[in-house]
Each structure stands twice: as C-alpha cells, then as structure tokens.
Amino acid sequence: MSAAKIEQLNVFMRETSDKRLYERYLAVRLRFEGHSFEEIGHLLNRTRQTISLYWQAYQEHGLAGLEMDHSPGQPPKLTNEQRSELGAMLEQKTPVDVGFEARYTWTLPLVAEWIKMTYGVNMSVRGISAMLKRMNFSFTKATYSLAKADPDAQAVFRKQTFTALKKQVEVEEIDHLLFEDESMIRSYQALQYNWFPRGKQRKVPTYGKHEGAKLFGAINYETGQVHHREEEKADVAAFVRFLEDLLTAYPTGKMALVLDNSRIHHAIALQPFLKKHPRLQLVFLPPYSPNLNPVEGLWLWLKADVVNNIFFEKFYTIRLHVSQFMKRINKHPMQTIDRLLVRL
C-alpha cells in the first residue's frame with residue numbers, strides 16, 4: 001500500500017510546478033519512507049510542527065489536503081474553471097469592460113453582481129473576499145505602468161529567458177538565482193491610509209529635512225532569503241560592494257543575478273569586477289519592466305510596514321527600521337516566497 005502511495009506522490013511531484021506543493025508531497029513521501037517529523041523538517045528546513053501538519057492534512061483529506069489554503073469546509077460555490085475565469089477577468093478587465101457603466105474599480109459587491117450575472121450563483125461579499133484571498137488576490141491600490149514598456153519583450157523574458165534560468169537551476173548549472181534592485185528611503189516617505197477615529201487625521205510632524213538612504217536589495221528565488229545593503233550613494237562603487245556581499249553570502253557555485261538596466265549595472269567601471277568573478281552572471285530585464293522584478297514588491301512592503309506615516313529625525317533611525325524589517329522577514333522566508341515569488 002505504501003509503495004503505491006509513494007508512486008502516486010512521485011507522479012504528482014513530477015507534474016506540479018508549485019514549489020510549495022512539491023515540498024508538501026515530498027514531506028509525505030519521506031514520511032512513508034520511514035523518516036521522522038524531525039528528520040523531514042531538518043531536510044526541508046521546516047519545523048517539526050509544519051511537517052506534522054502536512055502529514056495530518058494528508059491523512060485526513062489525501063492529496064487534496066496538501067493544496068495551498070485547503071479548507072475541509074463546504075465545497076466551493078464556483079468550479080475551478082469558473083474561479084480561473086473570474087481571476088483572469090479581474091486581472092485583465094475593469095467593470096466598465098464587462099457592462100458596468102462608468103465603473104472602473106472592482107469592489108466586492110460588484111464582483112458578487114458579476115458572479116450572479118455570469119454564473120447565476122449568489123455569494124456573500126465575505127465569501128467572495130475569502131475566495132479571492134485563496135486565489136492569491138488582495139485589495140490593493142492600482143499603479144501606473146510605464147508606457148514605453150514592450151509587452152512582447154516582457155513575454156519573451158517570462159517564457160524563454162526566465163524559464164531557461166529555472167531549468168538551469170533545476171539541473172544545477174546555476175546554483176543561486178537572485179533578483180536585485182535599488183531604492184531610496186527618505187526621512188519622510190509618504191502618507192498612506194491607516195485606521196484612525198472618524199473625522200480626524202493622524203498628524204506626522206516633520207522638520208523639512210530630506211535625509212535618506214540608498215538601499216541595495218536582492219531576493220533568492222529558491223529560498224526567499226533577502227539581502228540588503230545601505231549606502232549614501234547608488235553608484236558603481238556601492239554596487240560593487242553589494243555584489244561582494246552577495247558573493248560572500250554564497251561563496252561557491254554559479255550565481256545568476258536578474259536586474260534592470262540602470263546605468264551602474266552597465267557601467268564600464270564594473271567590467272573588471274565581473275571578469276574577476278566569472279561565476280557571477282548578470283541577466284538583464286527588458287527595459288521599463290519593474291513588474292518583472294520581485295524586489296520592487298519588497299520595497300513597497302518595506303515602505304508600507306515601517307516607513308510610510310513616519311518622520312525620521314535622525315538618519316540612523318532609518319537604518320535601524322530597515323534592518324529590523326529585513327531581519328523579521330528573513331525569519332519567515334515562506335512568507336516572502338508566497339508574497340513576492342510565487343507568481344514568477
């Protein structure tokens with residue numbers, strides 16, 4: 001019986017492209033092979049409790065219990081195909097595109113109306129909210145896109161360049177695949193929505209200063225580990241120092257670093273360093289493609305959590321807040337993977 005279940009798990013492991021689901025299948029297979037929860041946790045860099053939850057979910061619900069965000073409650077009101085159609089519609093169209101006159105923002109009541117109109121299914125806004133979260137949607141602000149971006153070049157990067165990089169990682173031709181970017185953190189960054197008594201506004205005192213820090217950041221695609229460095233200037237010398245940090249963090253093996261087309265990334269002064277370290281390969285994104293770099297999402301996360309709605313009177317407090325944020329998210333790399341990397 002165990003041999004048949006192991007073979008079934010092997011089949012599902014080969015077929016899935018979801019790294020988190022693959023890990024759960026592997027954990028269950030290792031359990032069938034006689035490993036303890038502690039041993040499996042050590043192999044997969046997970047806690048014993050996490051492995052135990054995987055095993056319990058499998059015991060109770062079979063392979064379906066290992067799916068992300070699985071809930072053993074009532075069956076979903078929409079089929080998998082309908083949820084896929086809904087997700088594509090929300091991502092690609094505005095309400096006015098599907099018949100809601102002069103409406104450009106999707107709200108839960110509008111989504112409920114569209115579901116009723118399209119599938120004849122009544123759903124509560126609470127049920128829709130929970131479903132959308134399981135579908136990896138969140139209620140976020142819209143953002144502007146760069147008009148000069150080339151969608152064809154971006155498609156080539158996704159389907160060819162990045163796919164090739166992932167295959168090289170799988171066959172161990174590349175040992176470390178990272179994304180890199182730079183950002184500026186100012187003494188006062190931006191104001192954002194927050195909970196406060198109705199009719200009042202939170203006031204953030206400032207002194208008119210404009211101090212700030214240049215940040216270099218990188219995310220390991222496989223592990224979710226985040227690396228960062230603070231500098232006064234984002235110049236070639238600072239970039240080289242950050243590359244040295246990364247090479248020290250990964251002392252062996254070939255490293256591919258995916259990054260944008262900033263001047264410092266193409267600088268002639270950078271070439272001697274790259275020749276000195278041939279195991280480091282720079283892979284450039286298509287021009288005007290911040291949407292393809294998950295580090296952009298890291299900066300938004302950082303600013304939303306610890307920078308917005310705050311005035312930093314002293315420069316060192318900026319660095320302190322940034323360091324605390326990086327330490328916190330590096331304690332939970334799965335959260336970084338799920339938030340920033342799962343859709344790549």
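Student: What does "buried" mean here?

Tutor: A residue is buried when its relative accessible area is under 20%, exposed when over 50%, and partly exposed in between, using a 1.4 Å probe and protein chains only. This is a predicted model, where local features need pLDDT of at least 70, side-chain atom pairs count only at pLDDT 80 or more, and totals for chains, interfaces and linings use all residues. Residues are numbered from 1 along each chain as its sequence is written, and side-chain values use heavy atoms, leaving out hydrogens and water. Here 38% of the chain's 344 residues are buried.

Student: Which strand pairs with β4?

Tutor: Pairing takes at least two DSSP bridges between two strands. β4 runs parallel with β5 (residues 280–284) over 5 bridges, and V258 sits opposite V283 there.

Student: How many residues are in the largest nonpolar core?

Tutor: Such a core is a set of buried Ala, Val, Leu, Ile, Met, Phe, Trp, Tyr and Cys residues joined through side-chain atoms within 4.5 Å. The largest has 29 residues, and V258 is among those with the most contacts inside it, along with L165, L177, L298 and M326. Helix α12 gives the most, with 5 residues. Another core lies apart, with 22 residues, including M255 and L280.

Conventions:
Helices (H or I, at least four residues) and strands (E, at least two) are DSSP runs, numbered from the N terminus.
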